[in-house]
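Open the model in your viewer and follow the stops below in order. Each one says what to select and what is there.

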Amino acid sequence: MKKRTIRRTWVKAILLAAMAFSLAAGCGDDSKSDTDGGSSNGILNVSYDPTREFYAEYNEMFCGYWKQEKGEEVEVTQSHGGSGSQARSVIEGNEADVVTLALAHDITAIENAGLIEAGWNEKLEGNSAPYTSTIVFLVRKGNEKNIKDWDDLVEDGVEVITPNPKTSGGACWNFLAAWAYGQQNGMTEKETQEFLKKLYQNVLVLDSGARGATNTFVENKQGDVLIAWENEAFLSLETHPDDFEIVTPSVSILAQPSVAVVDKNVEDHGTREISEAYLKYLYSDDAQRLVGKYYYRPSKEEILQEFSEQFDLDMNLVTIDDFGGWNKAYETYFDDGALFDEIYAQ
Amino acid sequence: MEQQIVKVKNKKGVRVIPGFGLSMGVTLAMLSCIVLIPLASIFISVSKISLQEFVEIVTSRQVMSGYMVSFTCAFFAAIINGAFGLVLAWVLVRYDFPGKRIMDGMIELPFALPTAVAGISLTFLYSDQGWIGQLFDKAGVRIAYTRIGITIAMVFVGIPFVVRSVQPVLAKLDRQYEEAAMMLGAGRWRTFFRVVLPELFPALLAGFGLAFARGIGEYGSVVFIAGNIPYETQIAPLLIMSKLEQFKYSDATAIALVLLLVSFLLMFLINSLQIYMQRFVKN
């Protein structure tokens with residue numbers, strides 16, 4: 001009996017240890033960023049999910065550059081998650097020095113909370129978007145359903161995977177790109193709405209985030225087409241070269257992930273100089289080439305041309321300004337009771 | 001070891017290990033910081049909106065359908081957990097077999113595993129391309145991305161509650177009762193339903209309630225397997241997330257408050273029923 005109790009305690013102890021480890025793994029990122037963000041020779045970059053690999057390499061590049069320029073060691077800590085929740089964490093007190101998020105709307109939310117000064121999007125070139133991307137289709141090898149453009153997505157029997165724009169900031173680009181297609185093909189407002197309704201009726205799984213949707217399509221093999229960010233589509237193609245093809249639709253949207261210095265935090269940390277340099281260096285030729293390597297489109301025209309083999313540069317890309325900016329777009333399409341809700345309510 | 005325990009109180013009522021004040025203080029501090037204050041903040045946050053707005057938010061069609069999905073799936077999951085949890089506890093207490101201790105330890109894995117990991121692997125297995133999902137797909141049943149999938153994820157996260165509630169009671173249950181019942185001529189079924197089950201029922205009910213409450217609030221694992229189609233497979237916690245994503249804090253807490261109240265009401269009912277039944281059993 002006694003022996004048994006001892007063994008049982010061991011099993012319990014091991015399980016507890018496993019639990020503790022999983023907890024530690026879960027919190028690791030946050031606790032680290034908290035401590036490093038505060039010191040003056042370290043900065044914290046709060047970013048969104050798909051930029052993880054890019055910034056890991058960029059940070060090394062920047063540290064080397066900074067050492068050469070100023071002779072100072074610098075440590076950059078990165079934090080990744082859904083763009084909206086990352087913005088929220090900064091508003092709620094995550095000590096980010098710079099934010100590099102999926103859409104300007106999320107940075108505006110931080111601005112509205114009083115942490116970033118107005119006019120941040122004019123501080124750097126191209127609306128403070130050092131790299132851009134667009135929305136493309138990822139289809140299974142062979143493209144059996146013959147998907148070429150947006151109107152093929154509303155055909156009967158085509159199963160579409162895309163995340164929910166109400167929980168994923170990135171998915172707003174998907175919705176708006178489809179909307180732009182309707183508008184550019186002479187559909188009226190009403191017809192475009194009908195078109196999107198049909199499209200979302202074909203949506204099999206409406207994941208809460210972009211990485212979740214990619215997982216559903218790539219790993220769980222659901223659906224015929226994934227509406228995805230171009231850089232995510234290329235990444236999936238890189239890991240599964242024999243399984244997928246990328247289809248570029250005739251019309252899409254220029255997705256502009258934006259960057260900004262969090263003014264209040266850099267004042268507190270005394271890291272303004274280095275934070276501004278960190279973002280500015282994103283526009284250097286080396287960094288722009290790195291951007292292309294990770295399948296984002298460099299914002300510098302000359303460097304973008306170097307990648308003309310990789311990207312379809314003839315796509316007709318609309319921008320968020322064609323929708324009257326993010327605030328207007330949210331009001332019209334994504335707020336509660338707005339167009340997206342109507343599509344499902346009918 | 002057990003025999004060495006001596007009377008720990010002297011005349012003044014001082015215990016061997018002193019410190020009631022200290023330990024009570026720590027308990028209260030922890031409870032306040034971790035449970036009471038966060039819960040109170042929900043009420044404070046909701047109080048920023050008027051009653052009318054609150055009612056409007058929680059009775060909007062999308063939110064109501066979210067509640068429906070969460071409650072029905074959690075209910076069925078808790079029923080399934082009640083049945084299988086009882087069998088599992090029975091096997092673990094009453095029989096000896098190789099690997100029993102490992103199995104016993106594994107019951108707690110759903111507690112230890114990050115729920116997102118569970119969600120992703122369940123989806124992988126139960127999608128129509130997955131190992132298990134494939135078999136059901138041939139029979140025309142889709143599991144992942146339907147309410148069945150949601151229920152399965154909730155069964156996964158809820159099973160330890162039932163097993164761990166029933167196990168100790170079952171272990172303490174004197175087998176002489178069963179033997180006596182048998183000797184008095186009761187058959188196996190009668191012995192189980194009239195002698196064993198009434199003893200286990202309060203524990204089973206407690207486990208059921210905990211599993212149900214956990215299912216209602218579960219987000220991490222369900223969101224991957226749910227499909228998240230509005231009005232069909234969208235759970236209430238996802239709607240909370242979607243409100244947060246729009247920076248609508250009070251809307252989100254309004255939805256959460258209803259979940260909290262329902263869970264609380266449920267636990268209250270189950271506990272009252274338990275107390276009532278214990279009296280009934282004693283008399």
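Begin with helix H2 (residues 52–70) of chain A, which lies across strands S1 (42–47) and S2 of chain A and runs at about 165° to S2(A). This is a predicted model, in which local features need pLDDT of at least 70, side-chain atom pairs count only at pLDDT 80 or more, and totals for chains, interfaces and linings use all residues. Residues are numbered from 1 along each chain as its sequence is written, and chains are lettered from A and ligands numbered from 1 in the order in which they are written.

Helices (H or I, at least four residues) and strands (E, at least two) are DSSP runs numbered from the N terminus. Angles run from 0 to 180 degrees between N-to-C directions, with axes fitted to C-alpha atoms, for helices over the stretch in contact. Contact means C-beta atoms, placed from the backbone, within 7 Å.

Next, select the sheet. In chain A, 4 strands form an open, mixed sheet in the order S2-S1-S3-S10; strands pair if DSSP finds at least two bridges between them. Its edge strands are S2 (75–79) and S10 (258–261) of chain A, each pairing on one side only. From one strand to the next, the twist averages 20°.

Now show S3 (residues 98–101) of chain A, which is antiparallel to S10(A) and joined to S10(A) by 4 bridges. Here A:Thr100 stands opposite A:Val259. Helix H4 (residues 104–112) of chain A lies across S3 and S10 of chain A, at about 150° to S3(A).

Last, select A:Val98. Beyond neighbours within four places in sequence, its contacts include A:Ile43, A:Val262 and A:Leu279.

Definitions and conventions
Contact = placed C-beta atoms within 7 Å.
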